[in-house]
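My entries are below, in the order I made them.

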Amino acid sequence: IDKATNPLNKDLDWDGINAFCEQLNKELEGPPLATRLLAHKIQSPQEWEAIQALTVLESCMKSCGKRFHDEVGKFRFLNELIKVVSPKYLGSRTSEKVKSKILELMYSWTLGLPHEVKISEAYQMLKKQGIVKCDPKLPEDSPFPPPPPRPKNIIFDDEEKSKILARLLKSSHPEDLRAANKLIKEMVQEDQKRMEKISKRVNAIEEVNNNVRLLTEMVTNYSKGETTESNEDLMKELYQRCERMRPMLFRLASDTEDNDEALAEILQANDNLTQVINLYKQLV
């Protein structure tokens with residue numbers, strides 16, 4: 001990364017850029033480590049270093065495939081890009097050239113990688129905030145990343161197990177076929193557990209958000225001595241329900257450590273819950 005983004009480079013160092021892409025493809029932890037390094041370089045106060053880092057990022061997006069796309073499509077990395085263009089953070093002291101390049105890349109990914117929904121959400125948020133006035137014009141020589149591969153059954157995404165399964169199914173020995181059958185059952189059960197977990201999380205967050213919305217509305221319209229007794233009772237009941245939901249969110253968060261986007265949703269719901277509880281205590 002230092003070679004590919006060296007501020008003393010006269011031109012783009014394509015050997016360094018390609019070597020970085022190759023290295024991250026080889027390493028198991030390549031994508032998360034690469035995005036951390038790139039975020040740091042993109043936020044450099046030196047314009048040329050930041051531009052080179054963005055070129056490295058663009059090259060990786062074109063040549064490093066889904067594992068890298070997934071990492072770039074997480075809030076953790078997108079927030080680092082948003083900091084550079086947002087006047088609230090580094091935007092006021094970042095050059096227009098760097099900001100334009102970031103917006104151009106984000107826009108091209110919203111078109112080329114529609115399944116990475118967080119990228120599109122982040123870009124739309126920048127539009128709402130007025131940071132993106134209109135969609136940038138993309139250079140003609142900038143092809144989008146290839147479309148995502150056809151979705152496979154999620155239960156066969158575990159590469160190690162899939163290889164073992166393929167080997168067992170090719171065998172003509174009865175014990176190998178029995179082992180393959182057992183492995184398929186295990187994989188299906190794992191997938192069912194995963195789906196149950198997701199469903200439980202989605203329902204819990206929806207329930208929290210509904211209670212928060214209703215209690216916020218009632219507390220905002222509350223005025224002492226004028227609110228009916230039944231409404232006060234309802235507010236109290238909603239408040240107690242919100243209090244009971246906090247431990248449930250903590251349990252969900254500890255169950256969801258390996259999923260950044262889900263964790264962000266849970267933490268956001270917890271923030272909303274805390275705010276409305278404090279508002280109720282303060283006003284009612």
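**Ground rules.** I am working with a predicted model, in which local features need pLDDT of at least 70 and side-chain atom pairs count only at pLDDT 80 or more, while totals for chains, interfaces and linings use all residues. I number residues from 1 along each chain as its sequence is written, and my side-chain values use heavy atoms, with hydrogens and water left out.

**α2 and α4.** I took helices as DSSP runs (H or I, at least four residues), numbered from the N terminus. Helix α2 spans residues 30-42 and helix α4 residues 65-72; their axes come within 9 Å and cross at roughly 50°. I note that this makes α2 oblique to α4. On the scale I use, angles under 35 degrees are roughly parallel, over 145 roughly antiparallel, 65 to 115 roughly perpendicular, and the rest oblique. The axes are lines fitted to C-alpha atoms over the stretch in contact, with angles from 0 to 180 degrees between N-to-C directions. From α2, the contact takes in P31, P32, A34, T35 and L38, and from α4, R67, F68, E71 and V72 (contact means heavy atoms within 4.5 Å). I sorted the residues of this contact into six nonpolar, one polar and two charged. For this sorting, Ala, Val, Leu, Ile, Met, Phe, Trp, Tyr, Cys and Pro are nonpolar, Asp, Glu, Lys and Arg are charged, and the others, Gly among them, are polar.

**α2 and α3.** I next looked at α2 against helix α3 (residues 47-63): the axes come within 8 Å and cross at roughly 150°. α2 is therefore roughly antiparallel to α3. The crossing is left-handed. I find L38, K41 and I42 of α2 in contact with a set from α3 made up of E49, A50, A53, L54, V56 and L57. By class I get seven nonpolar, no polar and two charged residues.

**α8 and α9.** Helix α8 (residues 159-170) packs with helix α9 (residues 174-220) at an angle of about 150°, and I read their axes as 8 Å apart. That makes α8 roughly antiparallel to α9. I logged a left-handed crossing for α8 and α9. The α8 residues in the contact are K161, S162, I164, L165, L168 and L169; those of α9 are D176, L177, A179, A180, L183, I184, M187 and E190. I count 10 nonpolar, one polar and three charged residues here.

**T110.** Buried or exposed, I asked of T110? T110 counts as buried, at 16% relative accessibility (buried is under 20% relative accessible area, exposed over 50%, partly exposed in between, with a 1.4 Å probe and protein chains only). I place T110 in helix α6 (residues 96-112). A polar atom of the T110 side chain lies 2.6 Å from the backbone oxygen of Y107. Leaving out residues up to four places away in sequence, T110 touches I119, S120 and Y123.

**E261.** I found E261 in helix α11 (residues 260-283), buried at a relative accessible area of 19%. Beyond residues up to four places away in sequence, E261 touches G73, K74 and K118.

**D13.** D13 belongs to the segment before α1 (14-26) and counts as buried at 15% relative accessibility. I noted that the D13 side chain reaches the backbone nitrogen of G16 at 3.0 Å.

Technical notes
Helices (H or I, at least four residues) and strands (E, at least two) are DSSP runs, numbered from the N terminus. A polar contact is a pair of N or O atoms within 3.5 Å; within protein, one must be able to donate a hydrogen and the other to accept it, and residues adjacent in sequence count only if both atoms are side-chain atoms. A crossing is left-handed if the near helix is turned anticlockwise from the far one by less than a right angle, and right-handed if clockwise.
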